Amino acid sequence: MMVEHVLILGFAHQRILFFHYRPPRLIDRLNLLSLSPFKSPSLICLLVRNWKDYYHSETEMKVKCEGPRGGDRPLKQVPTLWWDQIKDQLQPPIIKNDAIPARLYKCWLPYKETYRAICDLLPIIDLDKFSEDKRSVEQWLKDTVRLRSHISEITLEEWHHILAEQIPSIINMEKLEADKSYGDRVKTWYKACLDSLSEQEDIPNGALRSVPLLCRKGEKWQLVNYEERWLADDNQTAEAFKDDIWQITFPKDFHSGAKRYFGIKLLSEQVEYKLKRY
């Protein structure tokens, strides 16, 4: 199959031979990969303002194909390359948090409950950077780009990256030992993960068994993944073994999820009580 390219407002449109199109004007050599988050709002606003009148109709093309032995085939609707590049290469402005900068299609506009649970770790678009176009850009990002909003849309692979790399890179162990609420913050991220996976299908048992989790032994905190980790679901047992094993706590509603996805053993299921008569 022979392929040609044309430039429309600086973006390459992929088209198959025999398709004819005349762009209204040309702006050559706009490099999306080099466009900073500081400058990208101008381009996004341009797209949004002219979306209905022009750009919407340019996200797909009807092309005429020739069969392997000649002869015409029915017209086929195909996505345009420029629109894929906008989503795959453009880096929008995100709010200041611990998230890694991301391309447009990887960014988020989270619901309130998702924001409360994990706003520190998601690349959330900073709508304030779009000034008077803020509301129209927000609607466009939701309806057209289809940015994710719900915590269940975080994939297992993404959770593995968050737990194995992102969270360990931002945890301050000194602050953790001095401030108990800091550990609660990390625990909130773990609970968000369990909530997310519980709403997804076909997640295998022990899917996140290898990721490090913040545990405690005595007065020491540590990210543990290669040693045995225990869920402190029984206060008496947890106190008895607090200096001997790595423990982590979760509210009761999260016990089954922690056991299933993190592969953590429950103390109450492993300890046998023996009563002595005197």
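User: Leaving aside neighbours within four places in sequence, which residues is Ser149 in contact with?

Analyst: Ser149 touches Trp108, Leu109, Pro110, Tyr111 and Thr114, with those neighbours left out. Contact means heavy atoms within 4.5 Å. This is a predicted model, where local features need pLDDT of at least 70, side-chain atom pairs count only at pLDDT 80 or more, and totals for chains, interfaces and linings use all residues. Residues are numbered from 1 along each chain as its sequence is written, and side-chain values use heavy atoms, with hydrogens and water left out.

User: Where is the place of Ser149?

Analyst: Ser149 is in the loop between helix 4 (134-145) and helix 5 (156-170). Helices (H or I, at least four residues) and strands (E, at least two) are DSSP runs, numbered from the N terminus.

User: Does Ser149 count as buried or exposed?

Analyst: Ser149 counts as buried because its relative accessibility is 9%. Buried means under 20% relative accessible area, exposed over 50%, and partly exposed in between (1.4 Å probe, protein chains only).

User: Other serine now. Is Ser256 buried or exposed?

Analyst: Ser256 has a relative accessible area of 56%, so Ser256 is exposed.

User: And which helix does Ser256 lie in?

Analyst: Ser256 belongs to helix 9, residues 255-261. Its C-alpha atom is separated by 9.3 Å from that of Leu266, 10 residues apart along the chain.
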